[in-house]
Amino acid sequence: MTGFRRTITGGRINRANSVAFTYNGKNYRALEGDTIASALLANDQTIIARSFKYHRPRGFLSAGLEEPNGLFSLGEGGATIPNTIGTTTALTSGMKIKSQNAWPSPTFDVMSINSLAAPFFTTGFYYKTFMGPLKRSWMWYEPLIRKAAGLGAATEVKGTQRYDSTNSFCDVLVVGSGPAGLAAALTAGQSGARVILAEQDSDVGGSVLSSKLDVLEQWRATSAVELRNLKNVRILINATVQGLYDHNQAVISLGANRLEVVQAKTIIHATGAFERPLVFNNNDKPGVMLASALRTYLNRYALAPKRRAVIVTNNDSAYDVAFDLAEADVAVTIAETRGSPAGELLARAAQLGIAVFPNSGIADVLGGQQLRAVKLSGRHAVTIECDVLGMSGGWNPAVHLTSHGGIKPKYDDTITSSVPGGFAEGQYGAGAVLGHFGLQACIRDGTAAAESALQDLGLKLPKQKRDAPVTREDRSYAIEASWQPQEQAAKAFLDFQNDVTLKDVKQAFQEGYLSVEHLKRYTTLGMGTDQGKTSNINALAIMAARRGMPIADAGTTTFRPPFAPLTIGAIAGRTIGKHFRPTRRSPLHAWHEQNGGVFIEAGLWQRAWYYDWAGKWPETAYIKEMELVRSGVGIADVSTLGKIDVQGPDAAEFLNRIYVNGFAKLPIGKARYGVMLNDDGVVLDDGTTSRISDTQYYMTTTTAQAGEVMSWLEYLLQCHWPELNVHVASLTDEWGGMAVSGPKSREALQLAFVDIDVSNEALPYMGVMDIAFGGTTLRLMRLSFSGELAYEVHCPSNYAIPLWEHIMRAAAQLDIKPYGLEALASLRIEKGHVAGLELDHRNSLDDLGLGKMASKEKPYIGKELRFRENLQSQERWSLVGLELLEPDKKLRGGAILFASADEIKGHGRGYITSVTWSVELNKFIALGLYNGGLKHEGEEIIAAFPLKNEQARLKIVSPHFIDKEGSRLHA
Amino acid sequence: MRLPCPHCGERDYSEFRYGGDASKPRPAHGTGDLKTWHDYYFLFENPKGPHTEYWQHVLGCRQWFKLTRNTATNAKVVV
């Protein structure tokens, strides 16, 4: 019967502090210093999970990060964190722990019926059943399978946890704080380098924490104190390096809720090694553990097997486990797969009363739900009753991080495992990750790695050389590979987490899935949180043997981040909800907020959509606001427009190059509408640009393209036209703007600026003047987006609200009111002005009916490619106006356009880009892109909106719905 | 990835925008026929290895610059 007892003394637990927790709803107690795993083992909870496919009972395999079985959900409701590794997570008071993948409990699991249906879940089951000819069924089956078999479930309620992330920099990042890492951090730290030491465990020391030797503990404690006294060293605990990225960037998770992104100049890998399981029948039964885990539970958590332990090993390291157990009064038997282990080990075993059976493995593990006895194989085929079986198949260096950048590990025969295939620039390895085992070797490695890093950094090496403690355990690592059992083994597991057995690998081989990458995908080997930590090398070796090739030639799978489970929340950090992206606010934002403005998101901007004076609902409010502008005077916030100051002796030449139409001859005090193309002849943006002086222009761009245009102008000036003496500066945030529009707008401006002549003669259509007002300079421009008599007033941002209020007050007698984005965008549809919805980066000038604007005299960007064959086609989707012919229906943006004889199917001949109710025409009108464009003027067509099963008849008309002569603009 | 801004020094790549291939000269303004511009705008090598390209320190000093980057490894970033 599997079981552990607390030893009377020893361990790194605080016996004075009892900690209460719940596990699957029941109350338990353990001690401060326990992990979830040691706390459960101390309470005789040895079956803690069910396996992924077969729902076999599972116990803890390990005492570390590689744990494939012991994953738990912590917390409740919105604070639930699934897939927490029980072997590395410290127990805290009041912790609510739940097992996963078992219902109703791990000890009695209804789904274990899957075991009876095991042949059903054969290798490649998922592929064959769901990804083959019937692959469409995957979407139906997948949720069911995930529910029955799988890891923890994410909570379905809103998370209540807080997450955060930070960035930092260092000279030397040391990953791992075992003997190699500690030595490296000390050497680097003493040189004055900025050091970060990242340790995934709750304390520094690595393997030393699992030892009971005082001399090692003293060395660890002294080293830790020295490091803590160095101000240039940061020690991060519970800090797992999850991924390494280009140029030595490391992403570290700190517990479940925080992420730190470290930019390191050099990185020292001191990640150690994971013990490898051995492959034999029923090696997944609770009670079968890694040998090193038994040592950790004994020496760190004061948990000894109740009476008897069997150790099976192919290498020397497991003897230290056996010796420690024997000294804690556990009866120990060793099954040794090798013929003749070292004499000194046998002598010490004899001294401690440990029986060693050479040339022996494990034939089977006996017991019901968990281990009761083991049956040895080979010459000594005895059956031994025991509490636990500790297995050691050797050590796999933790090479994962070294290969995140694409450097594949390479197989090393001397240690029968993979070592790093190399290191990226500025990265070094030390200790067990290199396959160098033993304390002295690790400390030597760590020191040397730090010295190499310091040389890279141009820093002096510390004078003080450190002595490494001498221990009896510090011997060379001797191993003879033993990959497979001699006997038939129906249930010998390679990957405990994904339930991949020896048989599955054989079947994959038989079906031709030979390469390791195919093997992985076909059998799911090494997927999940395991990521090859325990499973990889055994499977590679077995496949290589089948294929009759050396293991080195069988290749290896690619290790990718994250190294261990981490929360999505930590990755997202604070960039959730409204912080997902920045919010931009106009300088008039506060005014809109206080005066009935209703906001809408437009890109990053919060814009005033409509105002409550016009009604409660946007569908009706914008129409009232449109009527205001068509009959009286309204004021709208246009601050989001891109605003670029263009200055320099060559400003005129520069603008002449980037706009299709001419700007060099634009008189001072005049504005002009301009369109710019990309090099490929496609329309980039439009806007009005005014000439302020001989050498200064004031450009406006669309809101959406402001950043793009600015960057484009800088690109041209900096990279290609350095001969032009021009400078551009963005004023988008520095200046605000407002449009005063409607037949009474001139009257309104005259009331606002009584000393300025704004008559048609003084400020004609497209006229621009800078005026001094209220201690600043305002830019008055007679521009119109709505088609009415209209002006824009621009000013420095901090004057925007006072100026707006001043105009509102001065023109109060004209009943001036604000109008929002919806009305602004609808007025321009009536006028037939194109905007962002039409300028979709696929149209040519001709598509938008703007071909006539382009200069025939001067060169301009995009001129050559504008005339390429494709852009000259008569079949292009071009701008049309559309009028609804059926008054009882409505039009929708995005509706698909068909000729009246067409079958209503597919992508049609175009689509509607913008729709509005026309206050002038008293019907729905729209702009759209239609195959052949205005060639079809007057034709009746159909707009289909399949999502709502709507169809409506339309007529193609000129996009200029109102005032075609422009008499209002020039009034 | 870190990129060397000639004005601000080394910064995280998230501060930059990519500006495309910088290995070909742009035809002088107002020169070149349709074929010249077609080849300039649409035809690119897609090397695995060193690649000369434009970047802008768009969230910094806004300087445009050229650098050579190994497209396979992102290594050896040289201005």
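This is a predicted model: local features need pLDDT of at least 70, side-chain atom pairs count only at pLDDT 80 or more; totals for chains, interfaces and linings use all residues.

Visitor: Why is Cys170(A) called buried?

Guide: Buried means under 20% relative accessible area. Cys170(A) comes out at 2%, so the word applies.

Visitor: And what makes Cys386(A) buried or exposed?

Guide: The cut-off for buried is again under 20%. Cys386(A) has a relative accessible area of 4%, so it counts as buried.

Visitor: Now the open sheet: what is its strand order?

Guide: Its 5 strands run 3-2-8-6-7 in chain A, and the pairing is mixed. From one strand to the next, the twist averages 40°.

Visitor: What makes strand 3 and strand 7 of chain A edge strands?

Guide: Strand 3 (26-32) and strand 7 (81-85) each pair on one side only.

Visitor: How do you know that strand 2 and strand 3 of chain A pair?

Guide: Pairing takes at least two bridges. Strand 2 (residues 14-23) and strand 3 of chain A have 7, so they qualify, in the antiparallel sense. Ala20(A), for instance, stands opposite Arg29(A) in strand 3.

Visitor: Which residues have the most contacts inside the largest nonpolar core?

Guide: Phe21(A), Tyr297(A), Val374(A) and Leu389(A), in a core of 69 residues. Helix 8 (residues 317-327) of chain A gives the most to this core, with 7 residues. A second, separate core has 33 residues, including Phe654(A) and Leu713(A).

Technical notes:
Residues are numbered from 1 along each chain as its sequence is written. Chains are lettered from A and ligands numbered from 1 in the order in which they are written. Side-chain values use heavy atoms; hydrogens and water are left out. Buried means under 20% relative accessible area, exposed over 50%, partly exposed in between (1.4 Å probe, protein chains only). Helices (H or I, at least four residues) and strands (E, at least two) are DSSP runs, numbered from the N terminus. Axes are lines fitted to C-alpha atoms, for helices over the stretch in contact, and angles run from 0 to 180 degrees between N-to-C directions. A nonpolar core is a set of buried Ala, Val, Leu, Ile, Met, Phe, Trp, Tyr and Cys residues joined through side-chain atoms within 4.5 Å.
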